[in-house]
Amino acid sequence: MNREEISRIAHAEHPIKSPLDDDSVRRLLERGLPKGDERVLDLGCGQGEWLLRALAARPDAHAEGVDISEDALAQAAVAARELGVQDRLVLHHRKAEEFASEEPFDVVLSFGAAHAFGGLLPTLAAARKHLAPGGRVLIGDGFWERPPSQEAVEMLGNFTDLADTVDRVVADGWTPVDGHVSTRRELDDYEWACWGSLAAWALDRPEDPDSPEVLETANTRRTEWLRAYRETWGFVSLVLRRTADSA
Ligand SMILES: C[S@@+](CC[C@H](N)C(=O)[O-])C[C@H]1O[C@@H](n2cnc3c(N)ncnc32)[C@H](O)[C@@H]1O
């Protein structure tokens, strides 16, 4: 079974592919899209869950999503039709770093995709290229709650602590106008949902040739979370504006 199929099953119960609950997502979208008629871009949109929620709640908003996963974009297109928002959503199957648009966006989102750009600041640089003057960026990325083990760094990448993460963003010319630090419950719910969905899929299909591999993946990933990074990894979401639009 390929990584995309594994990811689709793992996120069946948690379509937002980040450790955020529905209230947090709604609140961040409210802060990021205060007018309701914004043009929104999501870099690394996955199955478009952020954009679908934004469009469903705002009949005058328009959105574009970029992702390299054909499978995730196909799911986004189906969900958009089901919600009746397909006329206001454009999906681009390409690398986010290669995406270009003639018109800028009022809001640029990127959650859990910073690794694709090489980290938080390069993701902000990419977002800025698409941002209209006065626009907002909603971004979510990891940080270290506590000093990590070498194993955790190798597994998740190199983050800084929360204060340093925000300081780096501010030094890069951005001001947080809101933010959210994922709670213990959001972090745990996300991991249980992912590895639990995978395990349940395998247990429900004992005859499926992929079942043993899927169950092993669920067990391995759950153990890695509990042993390698549960105590040290956190997730922060920021609503950002340019400190000075010319900066
Ligand atoms: C953890 S998922 C997050 C999806 C979505 N932002 C969310 O929070 O639900 C990361 C996404 O980034 C996408 N991705 C990875 N590298 C990419 C790239 N170079 N350009 C665009 N998307 C990319 C993956 O396909 C995946 O859908």
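Predicted model: local features only at pLDDT ≥ 70, side-chain atom pairs only at ≥ 80, totals over all residues.
Close-up 1. Helix α9 passes α10 in a left-handed crossing. The two helices span residues 184–204 (α9) and 211–229 (α10), and their axes lie 8 Å apart at an angle of about 160°. Because angles over 145 degrees count as roughly antiparallel, α9 is described as roughly antiparallel to α10.

**Close-up 2. Residues at the contact of α9 with α10.** From α9, the contact takes in E191, W195, L198, A199, W201 and A202. These meet S211, V214, L215, T217, A218, R221, R222 and W225 of α10. By class, the residues of this contact comprise 9 nonpolar, 2 polar and 3 charged.

**Close-up 3. Packing of helix α1 on α9.** Helix α1 covers residues 3–10, and its axis comes within 7 Å of the α9 axis, with a crossing of roughly 105°. Angles of 65 to 115 degrees count as roughly perpendicular, so α1 and α9 are assigned to that class. On the α1 side the contact holds I6, I9 and A10; on the α9 side it holds C194, S197, L198 and W201. The residues of the contact of α1 with α9 divide into 6 nonpolar and 1 polar, with no charged residue. L198 and W201 of α9 are listed in the contact with α10 and also in the contact with α1.

**Close-up 4. Surroundings of the ligand.** The ligand is surrounded by 19 residues. Closest to the ligand are K17, G44, G46, G112 and A116. The shell is made up of 9 nonpolar, 5 polar and 5 charged residues.

**Close-up 5. The annotated segment, residues 36–141.** An unreviewed UniProt entry annotates residues 36–141 as "domain: Methyltransferase". Over this segment the chain is 35% helix and 32% strand. The end C-alpha atoms of the segment are 25 Å apart.

Notes: Residues numbered from 1 in each chain as written. Axes fitted to C-alpha atoms, helices over the stretch in contact; angles between N-to-C directions. Helix = DSSP H or I, 4+ residues; strand = E, 2+ residues; numbered from the N terminus. Parallel < 35°, antiparallel > 145°, perpendicular 65-115°, else oblique. Left-handed = near helix turned anticlockwise from the far one by under 90°. Contact = placed C-beta atoms within 7 Å. Nonpolar A, V, L, I, M, F, W, Y, C, P; charged D, E, K, R; others polar. UniProt positions renumbered as here; feature names shortened; annotations may be inferred. Near = placed C-beta within 6 Å.
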